[in-house]
Amino acid sequence: MADVARQILRKASVDVSQLDRIICSSDPQDAVAPNTAVMVQKLIGAKCPSFDVQMSCAGWLCGVDLASRCLSTGEERILVLASSLVGSRLTFNNRMHRAIFGDGAGGILLEPSTQGEILSIGLWSDGRYHDKIHVPYPWSKVPESIPKEYENSFFMSSNQEDFFLTMDFYIVPLCKRLWKEAGVDKDDIDCFLMHQPSMPLFEHSLVALGIPREKTINYFSKYGNLVAAEVPVYLDEAVHTGRIKPGNLIFVFTYGAGFTMGGMVLKL
């Protein structure tokens, strides 16, 4: 995340002393304490308040949501960063689970602008599904519903209905609400950046929402599931390859453990 922060500041011609705060979402964090954001702050030489937010795959959007509120109260420059080391750092009992995750980091610098605009942003969570994806600390109380062989490792429910039905019942209404709040129709959107936790779930989201494949971005074969880092990494790739251009209307949506979800309509 520190490397990403340096790249962003260099491209934006912003000095680190101009930052008002740094918000990080890291999966997993480097340590229980201190929070990872203060280590990023130290590495780049910043002096502003720096802290972590955790919301699984929606963590980066959670940071963007918070940063946008801070900008509305007078702050001017906020770095929102995310990283995932799930693929290389966690213990996996099932190698098929390990296979879908990549490592990476991404971020964005948010500041008041007349060029781009967040038209709508929203978050959702439902703790009734807390045991469907579970990664424990050594001292964690493991839900009784989790099989014994997964008590000390990454666990993901094998019941695919848990994921597909949640998408149908909750994701579709939230997406429609965000489009309405932004004052746009689905057909107005130039590019849909939908989370790719696995290809079956990604494909299901396109069908459930009626999204044309030519309007989507698919980098799963290159990066895998990057958890909270996926959205900023994909955005960066899309901008640099010309898939997304200034003036485009973008819809971003991601979801993960908890269950948690986040979405945003963005005008570049």
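A salt bridge is a side-chain nitrogen of Lys or Arg within 4 Å of a carboxyl oxygen of Asp or Glu. By that rule, Arg77 and Glu76 qualify, with their side chains meeting at 3.6 Å, N to O. The model shown here is predicted. A search of the whole structure finds 11 salt bridges and 16 aromatic pairs. Two open sheets of 4 strands are described below, one with the order 2-1-3-4 and one with the order 5-10-9-8.

**Salt bridges**

- Side chains of opposite charge can pair when their charged atoms come close.
- Arg77 meets Glu76 in a salt bridge at 3.6 Å, N to O.
- Glu76 has a relative accessible area of 45%, so Glu76 is partly exposed.
- Arg77 also meets the side chain of Glu111, at 3.3 Å, N to O.
- Glu111 lies in the loop between strand 4 and strand 5, and Arg77 lies in the loop between helix 3 (59-71) and strand 3, so this pair ties together parts that are 34 residues apart in sequence.
- Glu111 has a relative accessible area of 35% and is therefore partly exposed.
- Arg128 and Asp126 form another salt bridge, at 2.6 Å, N to O.
- Shared partners join Glu76, Arg77 and Glu111 into one network of salt bridges.

**The sheet with order 2-1-3-4**

- This open sheet has 4 strands, and its pairing is mixed.
- Its edge strands are strand 2 (50-52) and strand 4 (104-110), each of which pairs on one side only.
- Neighbouring strands are turned by 15° against each other on average, direction ignored.
- Strand 3 (residues 78-84) pairs with strand 4 in the antiparallel sense, over 7 bridges.
- Within this region, Ser83 stands opposite Ala105 in strand 4.

**The sheet with order 5-10-9-8**

- This sheet is also open, with 4 strands and mixed pairing.
- Strand 5 and strand 8 are its edges: each pairs on one side only.
- The twist averages 10° from one strand to the next.
- Strand 8 and strand 9 run in the parallel sense and pair over 4 bridges.
- Leu193 has Val252 in strand 9 as its bridge partner.
- Phe192 has Phe251 in strand 9 as its bridge partner.
- Which way do the side chains of strand 8 point? Cys191 and Leu193 point one way, Phe192 and Met194 point the other way, and all are buried.

**Aromatic pairs**

- The count for the structure comes to 16 aromatic pairs.
- Tyr129 and Phe259 have ring centres 4.8 Å apart and planes at 15°, so this pair is stacked.
- The cut-off behind that label is clear: planes under 30 degrees apart count as stacked.
- Tyr129 lies in the loop between strand 5 (117-125) and strand 6, and Phe259 lies in the loop between strand 9 (249-256) and strand 10 (260-267), so the pair ties together parts that are 130 residues apart in sequence.
- Both partners are covered: Tyr129 counts as buried at 18% relative accessibility, and Phe259 counts as buried at 5%.
- Phe192 and Phe251 form an edge-to-face pair, 6.2 Å centre to centre, with 75° between the planes.
- Phe192 is in strand 8 (residues 191-194) and Phe251 is in strand 9, and this pair links parts of the chain 59 residues apart.
- Phe192 and Phe251 are both buried.
- Which residues form one aromatic cluster? Trp179, Phe192, Phe251, Phe253 and Tyr255 do.

**Surface patch**

- Val32, Tyr137 and Trp139 make a nonpolar surface patch of about 370 Å².
- Tyr137 is found in the loop between strand 6 (133-134) and strand 7 (155-156).
- Tyr137 has 41% relative accessibility, so Tyr137 counts as partly exposed.

Methods:
Residues are numbered from 1 along each chain as its sequence is written. This is a predicted model: local features need pLDDT of at least 70, side-chain atom pairs count only at pLDDT 80 or more; totals for chains, interfaces and linings use all residues. Side-chain values use heavy atoms; hydrogens and water are left out. Patches are made of residues with over 30% relative accessible area and no salt bridge: like charges are joined within 9 Å, nonpolar side chains (Val, Leu, Ile, Met, Phe, Trp, Tyr) within 5 Å. Accessible areas come from the Shrake-Rupley method with a 1.4 Å probe; for residues, only the protein chains shown count as cover. Buried means under 20% relative accessible area, exposed over 50%, partly exposed in between (1.4 Å probe, protein chains only). Two strands pair if DSSP finds at least two bridges between them. Axes are lines fitted to C-alpha atoms, for helices over the stretch in contact, and angles run from 0 to 180 degrees between N-to-C directions. Rings of Phe, Tyr and Trp (its six-membered ring) pair if their centres lie within 6.5 Å; planes under 30 degrees apart count as stacked, over 60 as edge-to-face and the rest as tilted.
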